[in-house]
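Please keep the sequence and the model in view while reading.

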Amino acid sequence: MNEHQTIDLRSPWVISIHELVRRPGELKEFHRDIPAPAQVRVEMIGVREGSPITVDVRLESVSEGVLATGTVGAELIGECARCLGEVRETRDFELQELFYYPGHDGEEDALFVVDNNIDLEQPMRDAIILELPFTPLCRADCLGLCPVCGFNLNEDPGHNHGEQIDPRWADLQAFRTQDAIPGE
Ligand SMILES: [Zn+2]
Ligand SMILES: [Zn+2]
């Protein structure tokens, strides 16, 4: 990224900050629900494309540019790494980004004010994606699946297969079950 970066004005993540430009000390509060773009996720959990991300930031004019500080909140949907059940959680993520005025010599990944606009999409992605768990869990003490049959152990923690049944007795047991049909 450099100061010649362009901004797509059609993006809902682009915000006009003309009233803040070159006016250190000026503040603007920005609150809006913006649809999630694609790929705000890691392998097993993320934000569904198009679902709302609640942006709640304070934009502050400082001498080098415009500082955005606040939170982005979203519903995360994923798969439990132990039981493969659904994980669903709404949470807020901290966001802080300084958008520099053109002419700033900064880090490779510095973001800039472009034609009195800033683009919050990349800071939003960084805020959320870097905090997503690689092994999401439906609950901290999820019991996972039975290694023998795949049964979800959260449904019955006492589940077990007891002694393996001797194949010589299996036929007899089947016979007894048949014998026990109600009404006979
Ligand atoms: Zn689970
Ligand atoms: Zn089992």
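## Basis and overall fold

Two residues are in contact when heavy atoms of each lie within 4.5 Å. By this criterion, residues 24 or more positions apart account for 59% of the contacts in the protein chain with a separation of 6 or more. The model is predicted, so local features need pLDDT of at least 70 and side-chain atom pairs count only at pLDDT 80 or more, whereas totals for chains, interfaces and linings use all residues. Residues are numbered from 1 along each chain as its sequence is written, chains are lettered from A and ligands numbered from 1 in the order in which they are written, and side-chain values use heavy atoms, with hydrogens and water left out.

The protein chain contains 2 helices and 9 strands; helices (H or I, at least four residues) and strands (E, at least two) are DSSP runs, numbered from the N terminus. Along the sequence, their order is β-β-β-β-β-β-β-β-β-α-α. Of its 184 residues, 36% count as buried, a term that means under 20% relative accessible area, with exposed over 50% and partly exposed in between (1.4 Å probe, protein chains only). The accessible surface of the protein chain comes to about 11,700 Å², and carbon and sulfur atoms contribute 48% of it; accessible areas come from the Shrake-Rupley method with a 1.4 Å probe, and for residues only the protein chains shown count as cover.

## Zinc site, ligand 1

Which residues supply the donors of the zinc ion (ligand 1)? The protein donors are the SG atoms of C80, C83, C138 and C142, at 2.3 to 2.4 Å from the ion. Donors are N, O and S atoms within 2.8 Å of the metal (3.2 Å for Na, K and Ca); water is not among the atoms, so sites may look incomplete. The spacing of these donor residues in sequence is C-x2-C-x54-C-x3-C. C83 belongs to the loop between strand 6 (65–79) and strand 7, and C142 to the loop between helix 1 and helix 2, so the pair ties together parts that are 59 residues apart in sequence. Both C83 and C142 are buried.

The 4 donor atoms around the zinc ion (ligand 1) subtend angles of 106 to 114°, and the arrangement is therefore tetrahedral. Four donors count as tetrahedral if all angles lie between 85 and 135 degrees; four count as square planar and six as octahedral if opposite donors are over 155 degrees apart and all others between 65 and 115, and anything else is irregular.

C146 and H159 both lie in the loop between helix 1 (121–129) and helix 2 (167–179), so the pair ties together parts that are 13 residues apart in sequence. C146 is buried, at 8% relative accessible area.

## Aromatic residues

The structure holds 1 aromatic pair. The ring centres of Y100 and F112 are 6.3 Å apart and the planes stand at 50°, so the pair is tilted. Rings of Phe, Tyr and Trp (its six-membered ring) pair if their centres lie within 6.5 Å; planes under 30 degrees apart count as stacked, over 60 as edge-to-face and the rest as tilted. The pair links distant parts of the chain, with Y100 in strand 7 (residues 86–100) and F112 in strand 8 (residues 111–112), 12 residues apart. Y100 is buried, with a relative accessible area of 11%, and F112 is buried at 4%.

The charged end of R22 sits over the ring of Y101, 3.9 Å from the ring centre; this requires NZ of Lys or CZ of Arg within 6 Å of the ring centre and within 35 degrees of the ring normal.

## Buried residues and their contacts

V66, in strand 6, is buried with a relative accessible area of 0%. Not counting residues up to four places away in sequence, V66 touches I17, L20, L59, E60, E97, L98, F99, Y101 and V113. S61, in strand 5 (residues 52–61), is buried at 2% relative accessible area. With the exclusion of residues up to four places away in sequence, S61 touches residues including L20, R22 and Y101.

I7 lies in the segment before strand 1 (14–16) and counts as buried at 17% relative accessibility. Beyond its neighbours within four places in sequence, I7 is in contact with V14, V114, N117, I118 and D119. The C-alpha atoms of I7 and V113 are separated by 9.3 Å, although the two residues are 106 residues apart along the chain.
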